[in-house]
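Open the model in your viewer and keep the sequence beside it. The stops below say what to select next and what is there.

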Amino acid sequence: MNLIFLITTHRHTIRMTEAVVQTDTGLVLATEIIICTTCRPAAALRDLPAAGEALLEAVQVATLDLDAALQARVRVRGMACLSGCERACTVAFQAPGKYTYFFGDLVADEVTATQVLACAQLHAYSTAGMLLRKERPERLRSGILARLPPLATIEPAGP
């Protein structure tokens, strides 16, 4: 089920679609894993497929091994260029009302894919989306590029 939220400011109307999942305990908002599909290490040849595309594929394959409850709480998508080019490969974790995290310097392999999903699980089950360094999987303990606060609720301007 998708819910569409319209947020109106004094100048703009913003449309946000959030992944809402029905679970045994009710509706939950899913954590989204966004993987840069154009990421490639600095020395990588442009003739070869991007490492980011390989990481996306590895994460998608690893998702098949998750139990149904976690599959319901995690969404994976690729996006061309997350602007972390000097720190390829890059991945972001986001969900409504939670901190957004942006990581770089990731290797495109099965181990990283498994650890990305483990980190997404931490994010999904955390109320505020906090990912403490000591609790993150090894490959995501460093390489953090940004931690952004949850999007603030925008109240429409009065009459």
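Select Cys36 to begin. Cys36 is buried, as its relative accessible area is 2%; buried means under 20% relative accessible area, exposed over 50% and partly exposed in between, computed with a 1.4 Å probe on protein chains only. This is a predicted model, in which local features need pLDDT of at least 70 and side-chain atom pairs count only at pLDDT 80 or more, while totals for chains, interfaces and linings use all residues. Residues are numbered from 1 along each chain as its sequence is written, and side-chain values use heavy atoms, with hydrogens and water left out.

**Cysteines**

A disulfide is counted when two cysteine sulfur atoms lie within 2.5 Å. Such a link is a covalent bond between the sulfur atoms of two cysteines.

Now select Cys85 and Cys81. The sulfur of Cys85 has its closest cysteine sulfur in Cys81, at 4.0 Å, again too far for a bond. Is Cys85 buried or exposed? Cys85 is exposed, with a relative accessible area of 52%. A search of the whole structure finds 0 disulfides.

**The loop at Thr38**

Select Thr38, which is in the loop between E4 and H1. Its relative accessibility is 37%, so Thr38 counts as partly exposed. Leaving out residues up to four places away in sequence, Thr38 touches Ala50, Ala80 and Cys81; contact means heavy atoms within 4.5 Å. Draw a distance from Thr38 to Ala50: they are 12 residues apart in sequence, and 5.5 Å apart in space from C-alpha to C-alpha.

**The whole chain**

Zoom out and colour by secondary structure. The protein chain has 3 helices and 8 strands, where helices (H or I, at least four residues) and strands (E, at least two) are DSSP runs numbered from the N terminus. Along the sequence the pattern is β-β-β-β-α-α-β-β-β-α-β. Of the 159 residues in the protein chain, 40% are buried. Among contacts in the protein chain with a separation of 6 or more, 60% are between residues 24 or more positions apart.

**Helix H1**

Select residues 51-63, which form helix H1. This helix has 13 residues and reaches 18 Å from its first C-alpha to its last, close to the 18 Å expected at 1.5 Å a residue; the expected span is 1.5 Å times one less than the number of residues.

Which residues of H1 are buried? They are Ala51, Gly52, Leu55, Leu56, Ala58, Val59, Ala62 and Thr63. They cover an arc of only 165 degrees around the axis, so they are on the same side of H1. That arc is taken from the directions from the helix axis to the C-beta atoms. Turn the view to the other side of H1, where Glu57 and Val61 are exposed.

Next, show what the buried residues of H1 pack against: strand E4 (31-36), helix H2 (68-73), strand E5 (74-79), strand E6 (91-94) and helix H3 (110-125).

**Aromatic rings**

The structure holds 2 aromatic pairs. Rings of Phe, Tyr and Trp (its six-membered ring) pair if their centres lie within 6.5 Å, and planes under 30 degrees apart count as stacked, over 60 as edge-to-face and the rest as tilted.

Select Phe93 and Phe103. Their ring centres are 5.9 Å apart and their planes are at 80 degrees, so this pair is edge-to-face. Phe93 is in strand E6 and Phe103 in strand E7 (residues 100-103), 10 residues apart, and the pair links distant parts of the chain. Tyr101 and Phe103 are buried, and Phe93 counts as buried at 0% relative accessibility.

Two other rings have a charge over them, meaning that NZ of Lys or CZ of Arg is within 6 Å of the ring centre and within 35 degrees of the ring normal. Arg73 lies over the face of Tyr125, 4.2 Å from the ring centre. The charged end of Arg147 sits over the ring of Tyr99, at 4.6 Å from its centre.

**Helix H3**

Finish with Gln115, in helix H3. Gln115 counts as buried, at 16% relative accessibility. Beyond four places in sequence, Gln115 touches Pro137, Glu138, Arg139 and Leu140. Ala118 is also found in helix H3, and counts as partly exposed at 31% relative accessibility.
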